[in-house]
Amino acid sequence: MASQLDTVITFDQACDQFTDCVLPAVQEQFEQDGEPDIVARSEAWSDFADDLHANEQISDWQVANWEHPDCCND
């Protein structure tokens, strides 16, 4: 897995990527009524973090210990 990586992205960088690239698709698909769908956002974040881990952009520790970003906790 991704236990010994030379470089990783930070939580803030991952949050920025998520907000720019993933969240708009979640909003378009699940939030037509204008209300945040926290479950959909949280699932999207978990999938996003798992993808970062699978692509060795974040470590085992990061994927296991990162909290959800604020946009998933409204």
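Ala-14 is in contact with Ile-9, Trp-45, Phe-48, Leu-52 and Trp-66, when neighbours within four places in sequence are left aside. The model in which these contacts were computed is a predicted one. Ala-14 belongs to the largest nonpolar core, which has 16 residues. Together with Ala-14, the residues with the most contacts inside this core are Phe-18, Trp-45, Phe-48, Leu-52 and Trp-66. Helix 1 and helix 2 each supply at least two residues of the core. The largest share, six residues, comes from helix 2.

Phe-48, one of the partners of Ala-14, is found in helix 2. Phe-48 counts as buried because its relative accessibility is 13%, and buried means under 20%. Apart from residues up to four places away in sequence, Phe-48 touches Ala-14, Gln-17, Phe-18 and Val-22. For the pair formed by Phe-48 and Gln-17, the separation is 31 residues along the sequence, while the distance in space is 9.5 Å from C-alpha to C-alpha.

The overall arrangement is as follows. The protein contains three helices and zero strands, and its pattern along the sequence is α-α-α. Along the principal axes, the C-alpha atoms fill a box of roughly 45 × 20 × 20 Å. Of the 74 residues, 32% count as buried. The accessible surface comes to about 4,900 Å², and carbon and sulfur atoms account for 46% of it. Among contacts with a separation of 6 or more, 68% are between residues 24 or more positions apart.

Helix 1 spans residues 11–30. This helix has 20 residues, yet its end C-alpha atoms are only 25 Å apart. A straight helix would reach 28 Å at 1.5 Å a residue, and helix 1 falls short of that value. A bend of about 45° is found in helix 1 at Val-22. A proline, Pro-24, follows the bend within four residues. Val-22 is also one of the residues touched by Phe-48. The buried residues of helix 1 are Ala-14, Cys-15, Phe-18, Leu-23 and Val-26. Helix 2 is included in what covers these buried residues.

A charged pair was also identified. The count of salt bridges comes to one. In this salt bridge, Glu-31 is paired with Arg-41, and the closest N and O atoms are 2.7 Å apart. The pair links distant parts of the chain, its members being 10 residues apart. Glu-31 lies in the loop between helix 1 and helix 2 (38–54), whereas Arg-41 lies in helix 2. Both Glu-31 and Arg-41 are buried.

Not counting residues up to four places away in sequence, Gln-62 touches Val-8 and Ile-9. Ile-9 is also in contact with Ala-14.

Methods
Residues are numbered from 1 along each chain as its sequence is written. This is a predicted model: local features need pLDDT of at least 70, side-chain atom pairs count only at pLDDT 80 or more; totals for chains, interfaces and linings use all residues. Side-chain values use heavy atoms; hydrogens and water are left out. A salt bridge is a side-chain nitrogen of Lys or Arg within 4 Å of a carboxyl oxygen of Asp or Glu. Buried means under 20% relative accessible area, exposed over 50%, partly exposed in between (1.4 Å probe, protein chains only). The expected span of a helix is 1.5 Å times one less than its number of residues. The bend at a residue is the angle between axes fitted to the seven residues ending there and the seven starting there. Contact means heavy atoms within 4.5 Å. Accessible areas come from the Shrake-Rupley method with a 1.4 Å probe; for residues, only the protein chains shown count as cover. A nonpolar core is a set of buried Ala, Val, Leu, Ile, Met, Phe, Trp, Tyr and Cys residues joined through side-chain atoms within 4.5 Å.
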